[in-house]
Amino acid sequence: MMLLHKCDRCTQEADHHIEKADKKVLHLCWDCYNAYLCERLGLDVAKYAHPKTITVNRQRFKVKMEIYHDGVIYYAYKGKPDALQTISFTAPFEMDGKLAVEELKQRVAKLLIPTTMMEDDFLSPMGVIGVEYDEETYDDLAFVIDGERYDSEEFLDLLLNYRGSNLLYIAEPRLPSLEAQWFGNEEQLLPKTHDDDL
Ligand SMILES: [Zn+2]
């Protein structure tokens, strides 16, 4: 059973647990984690502010943002918690949240809204296949297409139609499970040059 922690900086539940050089663990919620990383990287977190939801072709998607050591990931997502449709856009630090969300909207319109699964188990020529961790399956693996979950066997069945084809792909971060707990240590998190000020 996971021990739940309150965020060290606000009243929310923490889902990021960062071990510092002195072995003390910092417990942070998603937002405070982003703010913490921005502080450490010398960035202004306010620059990456974004709307909580966006509407594209009359469909509503939630938006989350995650600071990464080499950029800012914006996720759009909707649907069932265990089979979320998600897409992301990784923006350089120079780009603000407003512009990044415009890019994200274009990706939603182009890739996420048109269905990936066509009739007769054929895949659209361009689409999104989420690869998920699933501890209920023997290989810890599941696939998410159009908000539905498939196990490896079902997914391989789909690929039978593609014998003789190339599947081109773009790998990008998928929204982490919203219940996931994130563990890491400060050294891995931050580039060496920023390690001096704590
Ligand atoms: Zn917090």
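**Annotated spans and sheet**

Analyst: Let us begin with a span: the end C-alpha atoms of residues 6-44 lie 24 Å apart, and the span is 31% helix and 21% strand. Helices (H or I, at least four residues) and strands (E, at least two) are DSSP runs, numbered from the N terminus. The model is predicted: local features need pLDDT of at least 70, side-chain atom pairs count only at pLDDT 80 or more, and totals for chains, interfaces and linings use all residues. Residues are numbered from 1 along each chain as its sequence is written.

User: Which feature does UniProt place at residues 6-44?

Analyst: UniProt positions are given in the numbering used here, feature names are shortened, and annotations may be inferred rather than shown by experiment. The unreviewed UniProt entry places "domain: DUF7685" there.

User: In what order do the strands of the open sheet lie?

Analyst: Two strands pair if DSSP finds at least two bridges between them. Here 4 strands form an open sheet in the order β3-β4-β5-β6, with antiparallel pairing. Because β3 (53-56) and β6 (85-91) each have a single partner strand, they stand at the edges, and one side of each lacks a neighbour in the sheet.

User: How many bridges join β3 to β4?

Analyst: There are 4 bridges between β3 and β4 (residues 59-68). Val-56 has Gln-59 in β4 as its bridge partner.
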